[in-house]
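Please look through the sequence and the structure shown here before reading on.

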Amino acid sequence: MKAVQVSSPGGDFELVQKEIPKPKANEVLIKIEACGVCHGDAIVKEGRFPGLQYPRVPGHEVVGIIAQLGSESKHWKVGQRVGVGWLGGHCFECAACRSGEFGACEEALTTGITTDGGYAEYMVARMEALSRIPDGIDPVYAAPLLCAGRTTFGALESSGAKGGDLVAIHGLGGLGHLGLQFAVKLGFETAVLSRGSEKEILARKLGAHHFIDTSTTDAAKELMKLGGAKVILGTAPNSKAVSELVNGLSRNGELILVAYAGEMMQLSPVALMRGGRTIRGWVGGRPEDAIRFSILTGVRPMVEVFPLEHATEAYNKMMSGKVHFRAVLKIA
Ligand SMILES: [Zn+2]
Ligand SMILES: [Zn+2]
């Protein structure tokens, strides 16, 4: 099979021929149709994780068809369409697993990071890591929902916001354009905080009720004019801007962060104490929920499609923020 791998931290993507892997008893073999290209892939490409093993095939937004079953399979069938996201498997035995929080498993496998992922024609995946992908969505659109989609949907769905509440989406890129669509379809009064007229046109097209230009206005003040946001979803990697947004939260409002940012946040405890506001991070969310909801409501990621052979171009475009808005490798 063809695969794209990284042989060392900071190394190039290499297109190679490999043996098709054989599924162990608790795995399936997947013939890959599409794989999203995500910021998380930089962990392998740039070597940002201690103890990573190389060569490694990246990719944790994988959609494909089950081609072969491991001997322990009870539930899955050959020919079924499945997805594999960030979580590549869990141990079922550690304290987190025993309390049902598989996402926090101490021995978790991470697809495309600790195991080979979806920049390839085939991959093996643990059975507990599979999501069912129903008909009704093209694999190219389903792929980004396995990571970017489930994260933004899960953050909003698990928040304290109810239908009609004011919810703000900070940033309108790969995560934000999905968060916006989910917020509108979940019935929230939705404000987008971003900059420039191009983003405003896109925000309005995707259903935003308000657009607050962060380059010309004080976003927190503008949110307070609207009554204060019950939830602000932080999808922009800008710690300074995010810190200032706390003042735009309503009573008991929460700022939920889903984007990685290297800089420190800085804010006054008073900003949190006044109104009992909360800041929290979020990495979870169930892919099947996000995909089912997207099929029901017509939410779709905006994607740029590349062949597997152009993985380098797709990755560079994604990393430089030039992709609108998720890059996806179409493999079969
Ligand atoms: Zn990801
Ligand atoms: Zn565990």
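In which strand is Ile-169 found? Ile-169 is found in strand β10; helices (H or I, at least four residues) and strands (E, at least two) are DSSP runs, numbered from the N terminus. The model is predicted, so local features need pLDDT of at least 70 and side-chain atom pairs count only at pLDDT 80 or more, while totals for chains, interfaces and linings use all residues. Residues are numbered from 1 along each chain as its sequence is written, chains are lettered from A and ligands numbered from 1 in the order in which they are written, and side-chain values use heavy atoms, with hydrogens and water left out.

Ile-169 is buried, with a relative accessible area of 0%. Here buried means under 20% relative accessible area, exposed over 50%, and partly exposed in between (1.4 Å probe, protein chains only). Leaving aside neighbours within four places in sequence, Ile-169 is in contact with several residues, including Leu-180, Ala-183, Val-192 and Leu-233; contact means heavy atoms within 4.5 Å. The C-alpha atoms of Ile-169 and Phe-153 are separated by 12 Å, and these residues are 16 apart along the chain.

Strand β10 belongs to an open sheet of 6 strands, in the order β12-β11-β10-β13-β14-β15, with parallel pairing. Two strands count as paired if DSSP finds at least two bridges between them. At the edges stand β12 (210-213) and β15 (278-281); each has a single partner strand, so one side of each is left without a neighbour in the sheet. From one strand to the next, the twist averages 20 degrees. In general, strands of a sheet pair through backbone hydrogen bonds, either parallel or antiparallel.

Next comes β13. Strands β10 and β13 run parallel and are joined by 4 bridges, and Ala-168 stands opposite Ile-232 in β13. On to β14: 5 bridges join β13 to β14, again running parallel, and the bridge partner of Ile-232 in β14 is Leu-255.

Helix α3 (residues 139-157) lies across β10 (166-170), β13 (229-234), β14 and β15, and runs at about 160 degrees to β13. Axes are lines fitted to C-alpha atoms, for helices over the stretch in contact, and angles run from 0 to 180 degrees between N-to-C directions. Helix α4 (residues 176-185) touches β10, β11 (189-194) and β13, and its direction makes about 170 degrees with that of β10.

The nonpolar cores come next. A nonpolar core is a set of buried Ala, Val, Leu, Ile, Met, Phe, Trp, Tyr and Cys residues joined through side-chain atoms within 4.5 Å. The largest nonpolar core has 40 residues, and among those with the most contacts inside it are Ile-30, Val-84, Tyr-119 and Leu-130. Elements that each supply at least two residues of this core include β1 (2-6), β3 (27-37), β4 (62-69) and β17 (326-330). Strand β3 gives the most to this core, with 6 residues. Another core, of 39 residues, lies apart from it and has Leu-145, Leu-180, Leu-202 and Val-258 among its members.

Cys-38 is in the loop between β3 and α1 and His-60 in the loop between α1 and β4, 22 residues apart. Cys-38 is buried, with a relative accessible area of 8%, and His-60 is buried as well, at 1%.
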